[in-house]
Amino acid sequence: MSPVLAALRGRLVVSCQAYPGEPMRHPDTMRRVAQAVAAGGAAGIRAQGLEDLRLIRAALDLPLIGLWKDGDGDVFITPTLDHALAVAGTGADVVALDATGRPRPDGRTLAEIVRAVHERTGRLVMADVSTYEEGVAAAEAGADVVGTTLAGYTPYSRTGPGPDLDLVARLSTDLPVPVIAEGRIHTPGQAAEALLRGAHAVVVGTAITHPTTVTRWFTEACGEPVR
Ligand SMILES: CC(=O)N[C@H](C=O)[C@@H](O)[C@H](O)[C@H](O)COP(=O)(O)O
């Protein structure tokens, strides 16, 4: 196993992302968020956008999973080979990309993209999948690590309020590559359970780095203002 993946075994990766139009959507802000979660013990960082990745790479020596969300089609996480090569160029250790079965905007197959990233950059590839079958296909296509990132985010995958830990468990048992649990992990207990069920590592984003959503959880629990 690569040293980068070995360093993540049994550990927490924190996804540091803000969304278009949000106050925290700023590379230097995300760099500071990444430094803050590193101080809390994050073993790795997952981040979006070339400038965010460059700044985080310069500031931190932790394993860095990079992606580039682009376009308004179904496939938007590092959708093409050009995006993947650009992410690799930021110094990210792992290039995360959409590995669902849906067609990519550049018409390339997942196997073609994985091979090109390996040959041209030497970086690892994290395959973001939504189903068991996509996880199996991604491992066959040469992905170094499979993430359950997109479970619940394709029209055909199982949705629910929490993480799909059954999917995590099945993939962890069956795949020859490490599986990372990612998506809607909102509590420390869920993160620990994902590891217990076989995940190599766990990625948590919203619950740690998205204050607008976390605040909404609390405001909704508090109910309507009392008049
Ligand atoms: C579906 C999609 O676009 N997921 C993205 C992938 O990078 C991010 O928006 C998520 O925040 C990330 O996966 C972490 O998940 P959560 O924020 O639920 O802990």
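Predicted model: local features only at pLDDT ≥ 70, side-chain atom pairs only at ≥ 80, totals over all residues.
Is Glu140 buried or partly exposed? Glu140 is partly exposed, because 13 other C-beta atoms lie within 10 Å. Glu140 belongs to helix 6.

Residues are numbered from 1 along each chain as its sequence is written.

Start with the whole chain. The protein chain has 10 helices and eight strands. Helices (H or I, at least four residues) and strands (E, at least two) are DSSP runs, numbered from the N terminus. The chain's radius of gyration is 17 Å, close to the 17 Å that the globule rule gives for 227 residues, so the chain is as compact as a globular protein of that length. That radius is taken over C-alpha atoms, and the globule rule is 2.2 Å times the number of residues to the power 0.38. Along the principal axes, the C-alpha atoms fill a box of roughly 60 × 35 × 35 Å. Buried residues make up 47% of the 227 residues.

Now the contacts. Two residues are in contact if their C-beta atoms, placed from the backbone, lie within 7 Å. Take the contacts between residues at least 6 apart in sequence: 58% of them join residues at least 24 apart.

Leu12 gives a local example. Leu12 sits in strand 1 (residues 11-16). Leu12 counts as buried because 21 other C-beta atoms lie within 10 Å. Leaving out residues up to four places away in sequence, Leu12 touches Ala42, Ala43, Ala191, Val202 and Val204. Leu12 and Ala42 are 30 residues apart in sequence, yet 5.5 Å apart in space, C-alpha to C-alpha.

Gln35 is in helix 2. Gln35 is partly exposed, because 16 other C-beta atoms lie within 10 Å. Not counting residues up to four places away in sequence, Gln35 touches Ala59 and Leu60. Helix 3 (residues 50-59) has Asp52, Leu53, Leu55, Ile56 and Arg57 as its buried residues. These pack against helix 2 (27-39), strand 2 (44-48), strand 3 (64-67) and helix 4.

Follow the chain to helix 4. Thr78 lies in the loop between strand 3 and helix 4. Thr78 counts as buried because it has 30 C-beta neighbours inside 10 Å. Thr78 is not a glycine, but its phi is positive, about 45 degrees. Most residues other than glycine have a negative phi.

Helix 4 (residues 81-89) packs with helix 5 (residues 110-121) at an angle of about 35 degrees, their axes 10 Å apart. Axes are lines fitted to C-alpha atoms, for helices over the stretch in contact, and angles run from 0 to 180 degrees between N-to-C directions. Leu81, Ala84, Leu85 and Ala88 in helix 4 meet Ile113, Ala116, Val117, Arg120 and Thr121 in helix 5. The residues of this contact divide into seven nonpolar, one polar and one charged. Here Ala, Val, Leu, Ile, Met, Phe, Trp, Tyr, Cys and Pro count as nonpolar, Asp, Glu, Lys and Arg as charged, and the others, Gly among them, as polar.

Back in helix 6 (residues 132-140), look at Val136. Val136 counts as partly exposed because it has 17 C-beta neighbours inside 10 Å. Val136 and Gly107 are 29 residues apart in sequence and 21 Å apart in space, C-alpha to C-alpha.

Of the 14 residues around the ligand, Ser15, Tyr153, Arg184, Gly205 and Thr206 come nearest. A residue is near a molecule if its C-beta atom, placed from the backbone, lies within 6 Å of it. The shell divides into six nonpolar, six polar and two charged residues. Arg184 is in the loop between strand 7 (179-182) and helix 8 (188-196). Arg184 is buried, because 20 other C-beta atoms lie within 10 Å. Arg184 is not a glycine, but has a positive phi of about 60 degrees.

Notes. Buried ≥ 20, exposed ≤ 12 C-beta atoms within 10 Å, placed from the backbone.
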